[in-house]
Amino acid sequence: MTAVADARIAAPPKGPSRDLAGTGTLLRLALRRDRVMLPIWVLCLGLSASSTVSRLDSAYDTPQKRADLAADMNANGSTRALFGAAFDDSLGALTVWRVGAFLTVFAAIMSLLIVIRHTREEEETGRQEALSSGMVGRRAGLTSALITVGIANAAVTLLIAVSLAGEGGSGALALGLAVGLSGMVFGAIAAVAAQVTENARVARGLSAAAVGVAFVLRMGGDAAKDGSDGSSHVLVWLSPLGWAENARPYADERWWTLLLLTLLAVAAMGVAYTLAGRRDVGASFFASRPGPAAAGPDLSTVYGLAWRLQRGTLLAWMAGLAFAGAVFGGIADGADDFLGDSESTRDTFLRMGGQEGLTDAFLASMVGILGLVVTIHTASAVLRLRGEETDQRAEPLLSNAVSRVQWAASHLVVALLGPVVILAAGGLALGIAYGAASGDLGGQVPRVLGATLLQAPAVWVITSIAVFLFGVLPKFTSVTWGVVGFVVAIGWLGPAMELDQSVMNLSPFGHLPKVPGGDITATPFLWMLLVTVGLLAAGLAGLRRRDMSN
C-alpha cells in the first residue's frame, strides 16, 4: 500500500498528463509483484530455442538428415498442423519449426495474464479505486500494465536473438521479434477485454479464447497446405500466429509480416486506451444485467447459484474443445502415411505420443493437448471462489444457514465435473471426426473418447492445488496460474525439447499413459486421486479456520 500512500500525498497534476499520472509508481509496483514469475516466464521462453538447437544438432548431424527431416515433416498435414511448416532445412530453420509455434502461443498466454492481472484484477479487488483517489490517472494502470508486458516481451525477444545468433543474426532476430510481437498483440487484446468485461475471470477467458482461435486457424491452414510454393492457406493469414509463422526466420525472412503484428498490437492498444477513458473505475461496457425481482427455484440453493455463475463459461469451453477436437480429428487420418524408413521422424512423434503407431501417437498428442488446455478452465472455476470472497458476495451467503464447506463445494462440483464434461465434448468430436475420416466410426469413437476422459485425474490434481491455495494461503491463490503455466509449458514444449522424463514427471500429465494405444495401469490414477483428495481436504479444512477476505 506504499503506492497508495504516495498517491494521496501529492497533488494531482494539471493538463494532458493527468491521465498518465502515477504510471511510474504503478510500473514499479507491477514489476515488484511479478519479480518471481516474470523472470521465470522470460527465461523459459528465451532459452527454449537455444536448447533445441543443441538437441537437433546432435540428433541430425548431417545436412542430409536435416533435409530428410524437413521433407518428411512437410509431407504430412498432421505434423504441419502441430508444428507448422519447415521452410528450410538449416539447423536454425528446423529450430524455428520445432518450437516456434509453441513459443508464440506461450508468449501470448504470458502477456494476457500479465495485463489482466494489473488492470481488471486490480479494479475487481478495489485496489485501483484506492489508487485513483490520489495522484493516479485513469489510464495509468493500463499504461503500466502494457509497459510491464512490453518489458517482458522485449526481454524474450532479446534473449532469443542473442541465444540463436550463432545460427544467423537476421534469423535469430526475426524469430525473437515474431515471438515478442505475438505476445504484444495478445497483451493488447487482453487490455481491450479488460475494458469491456466486469471481472478478471471473464477477461482472461475472452483473451484465452482469442489465442485458441488463432492457434486453431493456424493449425487448420497449415494442415491444408504445405507452403512449398511460397504461399500459405487463407486460414493462416486470418491468424496473428500465422503472421508470426510467415516471418519465416532462417528462410528468406519476410519482415513485412512483423509489421502486420505491430499494427495490430498498436490498433488494439488504441482501442483499449479509448475505452479506458470512457468508463468509470470498476465499471465495464458489458456489465452484468440486474436479475429479476424474485429468484427462480434453481437459485434456492448454493449449488443452483454456483451453476448459474459458472454455466456460461462451461458451455463456452465445451463448444471450444468440441471445435478443436473436430479439427484435430479431421487431420489425424493418414498421419503414418509418410513414415517410410525415417527412424528420426518416428522418434519425434513417439516422444510426443509414446506409441508404436504414428497415428496413435498423433491422437495421443492431441488428447494430451486437450487435457492441458482444460486446466485453464478448472483453475478459473476454483478461483471464482476467491473472486466471490474478495468482492464480498460470499459474506451474505455465509451469514445465513450456509456453511463455508457447502459454499465452496457448490463451486467445486463445477470445477471437478466440468472438466469431465468438457473433455467428453472434445473427445467425442475428436473421435467422430477421426472415425469418419478413417471409415471406422464405431470403433474409434469409444476408443478416442475413453482416452480423452483419462486426462481428468491429472486435471483434478490442478483443481486440488488451487483449492489448497485458496483455503490455506488465500493471498497466494494467483500462484495457481503459475502452476497452470508450468504444467502447460512442460506438456507442450517438453517433448519438443526432449526433456528428461524426470522433468516431465513434475507435471501430473507426465504420469498418464499415452492413449489411445498404450498400456493402462491403475497405479498412476490411484496416486493422482489420493493427492487430489488430500489437497482438497486440506484446502477445505483451511477455509473453515481462516478469516474470510484475508
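**Confidence**

I began with helix α1 (residues 2-9), where confidence in the protein is lowest, at a mean of 44. Helix α21 (residues 456-472) holds the highest value, at 96. The score is pLDDT, the predictor's confidence in each residue, from 0 to 100. Helices here are DSSP runs (H or I, at least four residues), and they are numbered from the N terminus.

I noted the ground rules: this is a predicted model, where local features need pLDDT of at least 70 and side-chain atom pairs count only at pLDDT 80 or more, while totals for chains, interfaces and linings use all residues. Residues are numbered from 1 along each chain as its sequence is written, and side-chain values use heavy atoms, with hydrogens and water left out.

The protein averages a pLDDT of 84. I found that 86% of the residues score at least 70. Over residues 1-12 the pLDDT stays under 50. The model has 16 contacts (heavy atoms within 4.5 Å) for residues 1-12 beyond four places in sequence. A further stretch, residues 338-342, is also below 50, with 10 contacts beyond near neighbours in sequence.

**Helix α10**

I moved to helix α10 (residues 169-196), which has 28 residues. Its first and last C-alpha atoms are 41 Å apart, close to the 40 Å expected. The expected span is 1.5 Å times one less than the number of residues. How many residues of α10 are buried? I read 23 of its 28, so the helix is mostly covered. Buried means under 20% relative accessible area, exposed over 50%, and partly exposed in between (1.4 Å probe, protein chains only).

I picked G183 in α10. G183 counts as buried because its relative accessibility is 0%. Leaving aside neighbours within four places in sequence, G183 is in contact with A107, A108, S111 and N153. I also checked F106: G183 and F106 are 77 residues apart in sequence, yet 8.0 Å apart in space, C-alpha to C-alpha.

**Helices α19 and α24**

Two packed helices are described by the angle between their axes and the distance between the axes. I looked up α19 (residues 404-438) and α24 (residues 523-545): they pack at about 145°, with axes 10 Å apart. Axes are lines fitted to C-alpha atoms, for helices over the stretch in contact, and angles run from 0 to 180 degrees between N-to-C directions.

Which residues make the contact? On α19 I listed R404, V405, W407, A408, L412 and L416. On α24 I listed L536, L540, L543, R544 and R545.

The 23 residues of α24 should span 33 Å at 1.5 Å a residue, and its end C-alpha atoms are 34 Å apart, which agrees. Its buried residues include P524, F525, M528 and T532. The cover over the buried residues of α24 includes α19 and α21.

Most residues other than glycine have a negative phi, and most peptide bonds are trans. I noted three exceptions.

- The peptide bond from V515 to P516 is cis, with omega near 10°. P516 lies in the loop between α23 (501-504) and α24.
- R248 is not a glycine, but has a positive phi of about 50°. R248 sits in the loop between α13 (240-245) and α14 (255-276).
- D252 is not a glycine either, and has a positive phi of about 55°. D252 is in the loop between α13 and α14.

Is R248 buried or exposed? R248 counts as buried, at 7% relative accessibility. D252 counts as exposed, at 71%.

Definitions and conventions. Helix = DSSP H or I, 4+ residues; strand = E, 2+ residues; numbered from the N terminus.
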